[in-house]
Amino acid sequence: MNKLVNGQLVELTSEEETAITAEETKVKDELAKTGYKQARATSYPPFGEQLDLLYHAIEADSDLKTKLAGFYNAIKAVKDANPKPS
């Protein structure tokens, strides 16, 4: 491996190569542990769509309507005030 020093290409010392390799390994290990987060974030539907799915799931279940009344009623009020055209 090389590095640029004052416009000149200079070979890295073995210590520098070892340090770079260790840092690359560290970054790869961290990505392997947390890479799923980015994959999930880009795979989920948009928040509005998620909320709509949740609303319809609650609407279809009277027990959930009771348990999640605050959320359900808040979303229902918005939907009622802004009806979908037929």
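Modeller: In this predicted model, Glu59 is found in helix α2, which covers residues 47-59.

Colleague: Why is Glu59 called partly exposed?

Modeller: Its relative accessibility is 32%, and since partly exposed lies between the limits of 20% for buried and 50% for exposed, Glu59 therefore counts as partly exposed.

Colleague: Leaving aside neighbours within four places in sequence, which residues is Glu59 in contact with?

Modeller: With that exclusion, Glu59 is in contact with Lys65 and Tyr72, where contact requires heavy atoms within 4.5 Å; the C-alpha atoms of Glu59 and Tyr72, which are 13 residues apart along the chain, are separated by 7.6 Å.

Colleague: How do you know that strands β1 and β2 pair?

Modeller: Pairing needs at least two bridges, and four bridges join β1 (residues 2-5) to β2 (residues 8-11), so the strands pair, and they run antiparallel. Within this arrangement Lys3 stands opposite Val10 in β2, and the two strands form a hairpin with two residues between them.

Colleague: Why is Asn6 called exposed?

Modeller: The relative accessibility of Asn6 is 77%, and exposed means over 50%, so Asn6 counts as exposed.

Colleague: What makes the pair Lys3 and Glu16 a salt bridge?

Modeller: The rule asks for a side-chain nitrogen of Lys or Arg within 4 Å of a carboxyl oxygen of Asp or Glu, and the N to O distance for Lys3 and Glu16 is 2.6 Å, so the pair is a salt bridge. The pair links distant parts of the chain, with Lys3 in strand β1 and Glu16 in helix α1 (residues 14-43), 13 residues apart. Lys3, at 29%, and Glu16, at 27%, are each partly exposed.

Colleague: How do you know that Lys67 and Asp63 are separated by about one helical turn?

Modeller: Because they are four residues apart in helix α3 (residues 62-67), their separation is about one helical turn.

Colleague: Why is the pair Lys76 and Asp80 called a salt bridge?

Modeller: The closest N and O atoms of Lys76 and Asp80 are 3.2 Å apart, and the limit is 4 Å, so the pair qualifies as a salt bridge. Both residues lie in helix α4 (residues 69-81), four residues apart, and by this rule the count comes to four salt bridges.

Note on methods:
Residues numbered from 1 in each chain as written. Predicted model: local features only at pLDDT ≥ 70, side-chain atom pairs only at ≥ 80, totals over all residues. Heavy atoms only, no water. Buried < 20%, exposed > 50% of the residue type's maximum accessible area, 1.4 Å probe, protein only.
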